[in-house]
Amino acid sequence: MTRRVLIVDDEPSFRELYAHTLQGAGLDTQEAPDAHHALRLLQQSPPDLVISDVRMPGPSGLDLLQRARQLHPTLPFLLVTAYADVRDAVHALKLGAIDYLTKPVDLDELLAAVLDTLGLQHADASALDPPPDLTDGIVAHSPAMRAALRDAWRVARADATVLLTGESGSGKEVMARFIHRASLRHRNPFIALNCAAFPAALLASELFGHTRGAFSGAVAARNGHLREAHTGTLFLDELGDMPLELQPTLLRVLETRAFTPVGSDRPVHVDVRLVAATHQDLPAAVQQGRFREDLYYRLNVINIELPPLRERPQDIAPLARLLLARANAPDKRLSSAALRALQSHPWPGNVRELANAMTRAALLARGDVILPEHLPPNLR
């Protein structure tokens, strides 16, 4: 008999994300937006396990746990929260919760806790890999990159906001495009915007659009990237560089799916899935007052960290071959000495630095074999 899990969270994106993950493991799911709805479902037919947020409008997850214990004393209960509180955790475990997870939830940890509690076997990790037709152009032979790609595949079909973190040049835009390609929005626009490329006033216009005459030089109205991404995906790169004065407007977009173009007094409603990326330490930026804490928690629904190239040595050779093909040199091959040079380099510029090296090698190598002297001097 298929086991059923009740998911209780006031955020639809979290409910959808957890349901998608559990359904992929063969479980049935029910969803409730608050404790009142959850109690009605518990009274009708008890599930095999409950996953509940702690802080919700109305009764909290701890309140729900106490009431559920009265109705079904042996019902397993797993609590999740964005605000880690040791006192709440201790109280939850005393009340009988099986575990207490902190958002953004590690989906592997969530799935493992559910399967272990229900006495079910864990799926083979390779079964979680995305289909090959969706991963064209992505090299993920290393364990760290395969794990990141699996996480991206699992969250793609949910509409949750995704935060990609990692060093510059580690492939965050490539992963964002994969998430869009694997999502239900894949037939709709993918719009990318680098927040570090514009001053505050111009970034507001690029993102939210403006009316004609809104400012000096605005000779025509502009839709802005948010409207252009309607029904699709908006990728905000280098989000940590967004000026502080624009962050409240972005927070409102995430909360209400509405914004007001520059120079207008009429709100515009959009249906957009947001994928954001940064190489910065956002928790540190929050502590320093450079990034809003409420926006950080709203963005950090799912965090996927991309490993630097130096931590994925198994990917260097296949990445180099892929980048040679993109440099119009698919028939050229790396000598063993050149390959050793690539694999011993620390790659501070990550995949972007490797791409530049392969472009140079493709141009300098007259024959079919790339030798160490064809590589940049710092690689020899």
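This briefing walks through a sheet, a few helices and some aromatic pairs in the structure above. The model is predicted, so please read the values below as computed from it. Five strands make up an open sheet with parallel pairing, helix 1 lies across four of them, and four aromatic pairs are counted.

**The parallel sheet**

- The strand order in this open sheet is 2-1-3-4-5, and the pairing is parallel.
- Strand 2 (28–32) and strand 5 (99–102) are the edge strands; each has a single partner strand, so one side of each has no neighbour in the sheet.
- On average, neighbouring strands of this sheet are turned by 20 degrees against each other, direction ignored.
- Leu78 has Asp99 in strand 5 as its bridge partner.

**Helix 1 and its aromatic pair**

- Helix 1 (residues 12–24) lies across strand 1 (4–8), strand 2, strand 3 (49–53) and strand 4, and runs at about 170 degrees to strand 2.
- Phe14 and Tyr18 form a tilted aromatic pair, 5.9 Å centre to centre with 40 degrees between the planes.
- Both residues of this pair, Phe14 and Tyr18, sit in helix 1, four residues apart, which is about one turn of the helix.
- In an α-helix there are 3.6 residues a turn, so residues three or four places apart point the same way.
- Phe14 counts as buried because its relative accessible area is 6%, under the 20% cut-off.
- Tyr18 is buried too, at 2% relative accessibility.

**A stacked pair between strands**

- Phe190 and Phe235 have ring centres 6.2 Å apart and planes at 20 degrees, so this pair is stacked.
- The pair links distant parts of the chain, with Phe190 in strand 7 and Phe235 in strand 8, 45 residues apart.
- Both Phe190 and Phe235 are buried.

**Helix 7 and its cover**

- The buried residues in helix 7 (residues 172–181) are Lys172, Met175, Ala176, Phe178, Ile179 and His180.
- Their cover includes helix 6 (143–156), strand 6 (162–165), strand 7 (190–194), strand 8 (233–237) and strand 11 (273–278).

**Leu207 in helix 8**

- Leu207 lies in helix 8 (residues 200–208) and is buried, with a relative accessible area of 0%.
- Beyond its neighbours within four places in sequence, Leu207 is in contact with Leu193, Gly224, His225, Leu226, Leu234, Leu236 and Met242.
- His225 is 18 residues from Leu207 in sequence, and their C-alpha atoms are 4.9 Å apart in space.

Definitions and conventions:
Residues are numbered from 1 along each chain as its sequence is written. This is a predicted model: local features need pLDDT of at least 70, side-chain atom pairs count only at pLDDT 80 or more; totals for chains, interfaces and linings use all residues. Side-chain values use heavy atoms; hydrogens and water are left out. Two strands pair if DSSP finds at least two bridges between them. Helices (H or I, at least four residues) and strands (E, at least two) are DSSP runs, numbered from the N terminus. Axes are lines fitted to C-alpha atoms, for helices over the stretch in contact, and angles run from 0 to 180 degrees between N-to-C directions. Contact means heavy atoms within 4.5 Å. Buried means under 20% relative accessible area, exposed over 50%, partly exposed in between (1.4 Å probe, protein chains only). Rings of Phe, Tyr and Trp (its six-membered ring) pair if their centres lie within 6.5 Å; planes under 30 degrees apart count as stacked, over 60 as edge-to-face and the rest as tilted.
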